[in-house]
Amino acid sequence: MLSFLWLLFIGAVVLLFLSAAVAPFESLGWWAGWFGESKAPPVPGHVTPQLADIPESKEAHFLVYLSGIGAIDAAGIPQEEIDWGKMALKRLSNTTVVPDVYPYSVTNAGLTNERAFARMWGYLEKRRLKNPYDLLQFLINIRNMFQVAISADRRYGPIYNLGVANEIVEALQLRGYRIGSGKPVTIIGFSGGAQIAIGAATFLKPLLRQAPIRVISIGGVMSDDIGIKNLAKLYHLWGDDDPLHGLGEKLYAGRWKWFPQSIWNQALYNGVIEFVPMGKMHHNGSTNYFSWVAFTPDGHSHAIATIDTIGDLLVRDNLIDATDLQAARVATEAEAKAYADARVAEVAEARAEREAKKKKQKVA
């Protein structure tokens, strides 16, 4: 048994080093033209043939969501984020939501999409669907974590972030965004998605012809990326019980207080960066930012509290109308409560089943 565990440990270490070694290859291969589609920069007022049939969105604000490192593709994200996103669509007014970007690939290609290890990633996704806490799913996290590191890297980051920025622009256009319209874009980035959001901002603002770009980080792990200079605002939502969101200020020297002239500290000083406390929320588990079974002191689930905090920030920046936002909240309140009650009941039922199994095992 010990020898097997030791072999498993060695295998995990080898996999870790291999993942780190090959992490830049996708970005470099895309840049070299070995794979992925080469796209010309968008032109204001010009709509390509494949976008000609898409009507321009009537909404004045666009919101892009970038998932955390647990994502396997744009749609293959943890179920709690999917449920959270569905409610956000209903609860945030005057906004076109863009959920179609996979931030851990420069070509927006999911892990199961024509990759050498596509079958392996597909197998891990099936295991995760059966058990959200399956240990093997952390292989997905490790792979994506190294892509976040590439985004923050001064050498490879610009290539990676340009690729993601291109994909964000295309996703916006597919949702009715017109280049040169000046409509503001907000990117919500959870965990590692926040770093990629600020990295992509370096190229996103010029690609959108200087449209205002904001980033809302949910427990984000971020560096002092140069993309911060292109942001109108960076909000960082953080929980008291989230130890991971603080990794950025430990890992990246530009976020240390001893370097007041760094990009991060200058933005902090000038009010571009604002920290928004979320109370007793964790990064992962049943009490995270997207949880329907953990509640704030005022009785709202963590999921609704996070959505409403984002809504308040957007109102404050005059991106959505306060009256319309309140109407959307009233209209969805009963649905949100019913969903939270159902999830709480499911958790209680699962706990009761586990306890019943334990009793039977003891009797046997």
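I looked up Lys183 first: Lys183 is buried, at 15% relative accessible area (buried is under 20%, exposed over 50%, partly exposed in between, with a 1.4 Å probe and protein chains only). The model is predicted; local features need pLDDT of at least 70, side-chain atom pairs count only at pLDDT 80 or more, and totals for chains, interfaces and linings use all residues. Residues are numbered from 1 along each chain as its sequence is written, and side-chain values use heavy atoms, leaving out hydrogens and water.

I then checked the partner of Lys183. Its side chain meets that of Glu56 in a salt bridge, 3.8 Å from N to O (a side-chain nitrogen of Lys or Arg within 4 Å of a carboxyl oxygen of Asp or Glu). Glu56 is partly exposed, at 40%.

I searched the whole structure and found 15 salt bridges. One of them joins Asp308 and Arg91, with the closest N and O atoms 2.8 Å apart. Asp308 sits in helix H10 and Arg91 in helix H3, so the pair ties together parts 217 residues apart in sequence (helices are DSSP runs of H or I, at least four residues, and strands of E, at least two, numbered from the N terminus). Asp308 is buried at 12%, and Arg91 is buried at 1%. I also noted a salt-bridge network linking Arg91, Asp308, Asp312, Arg329 and Glu333.

Last, I looked at the sheet. Six strands form an open sheet in the order S2-S1-S3-S4-S5-S6, with parallel pairing (two strands pair if DSSP finds at least two bridges between them). The edge strands are S2 (96-98) and S6 (273-277). Six bridges join S3 to S4, and Gly189 stands opposite Ser217 in S4.
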